[in-house]
Amino acid sequence: QVQLVESGGRLVQAGESLRLSCVASGRTFSPYTMGWFREAPGKEREFVAGIVWSSGRTYYGDSVKGRVTISGDNATNTVYLQMSSLKPEDTAVYYCAAPSGSSWKGVVDWGQGTQVTVSS
């Protein structure tokens, strides 16, 4: 099992930028991919961004494409989510996640989440 700890969430103004961090640890940490999801009040959890750990290939959800960048640091087992031009609708709890296999459809380890609030 992988332990994931997010940080960086806070209250920001619309239009500002924010970087979230997620540190992963575990007995054997070698995920195929890692990613970020978010959950706004009253809404379903939504995919934000993912990164293939070995190649660095990134992929993004449609709602945030062009405004977020995911990156990873193999040396520190840290994945980042850089967000820019934030909007009030980006307000949500952001979760770091890693599937145990190569697909998000299987078992997924989740962090505890970090709150991002964007005021207008």
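**Contacts, bridges and strands**

Tutor: Start with Glu 6. Beyond its neighbours within four places in sequence, Glu 6 is in contact with Ser 21, Cys 22, Trp 36, Tyr 94, Tyr 95, Cys 96, Gly 111, Gln 112, Gly 113 and Thr 114. Keep in mind that this is a predicted model.

Student: Where does Glu 6 lie?

Tutor: In strand β1, residues 2-7.

Student: Is Glu 6 buried or exposed, and which side chain of opposite charge is nearest?

Tutor: Glu 6 is buried, yet has no salt bridge. The nearest side chain of opposite charge is Arg 45, 7.7 Å away.

Student: Then what does the side chain of Glu 6 reach?

Tutor: Backbone. The side chain of Glu 6 reaches the backbone nitrogen of Cys 96 at 2.8 Å. The backbone nitrogen of Gln 112 also lies 3.0 Å from a polar atom of the Glu 6 side chain.

Student: Cys 96 again. Which residue does a disulfide join to Cys 96?

Tutor: Cys 22, with S to S at 2.1 Å. A search of the whole structure finds one disulfide.

Student: What about the handedness of that link?

Tutor: Left-handed, with -80° about the S-S bond.

Student: Switching to β9. How many of its residues are buried?

Tutor: Seven of the eight, so β9 is mostly covered.

Student: Which strands does β9 run antiparallel to?

Tutor: β4, joined to β9 by five bridges. Then β11 (residues 114-119), by three bridges. And β10 (residues 108-110), also by three bridges.

Student: Which residues stand opposite each other there?

Tutor: Trp 36 has Cys 96 as its bridge partner in β9. Val 93 stands opposite Gln 115 in β11. Ala 97 stands opposite Trp 110 in β10.

Student: Back to charges. How many salt bridges does the structure hold?

Tutor: Five. In one of them, the side chains of Asp 90 and Arg 38 meet at 2.9 Å, N to O. Asp 90 lies in the loop between β8 (78-83) and β9 (92-99), and Arg 38 in strand β4 (residues 33-39), so the pair ties together parts that are 52 residues apart in sequence.

Student: Are Asp 90 and Arg 38 buried or exposed?

Tutor: Both are buried.

Student: What else does Asp 90 pair with?

Tutor: Arg 67, with the closest N and O atoms 2.8 Å apart. Arg 67 lies in the loop between β6 (58-60) and β7 (68-73), and Asp 90 in the loop between β8 and β9, so this pair ties together parts 23 residues apart in sequence. Arg 67 is buried too, as is Asp 90.

Student: Which residues make up the network?

Tutor: Salt bridges link Arg 38, Glu 46, Arg 67 and Asp 90.

Student: And Arg 45, which residue does its side chain meet in a salt bridge?

Tutor: Glu 39, at 2.9 Å, N to O. Glu 39 is partly exposed, with a relative accessible area of 29%. Arg 45 counts as partly exposed as well, at 34% relative accessibility.

Methods
Residues numbered from 1 in each chain as written. Predicted model: local features only at pLDDT ≥ 70, side-chain atom pairs only at ≥ 80, totals over all residues. Heavy atoms only, no water. Salt bridge = Lys/Arg side-chain N within 4 Å of Asp/Glu carboxyl O. Helix = DSSP H or I, 4+ residues; strand = E, 2+ residues; numbered from the N terminus. Buried < 20%, exposed > 50% of the residue type's maximum accessible area, 1.4 Å probe, protein only. Disulfide = S-S within 2.5 Å. Lys, Arg positive; Asp, Glu negative; His and termini not counted. Polar contact = N/O pair within 3.5 Å; in protein donor to acceptor, adjacent residues only side chain to side chain. Contact = heavy atoms within 4.5 Å. Pairing = 2+ DSSP bridges.
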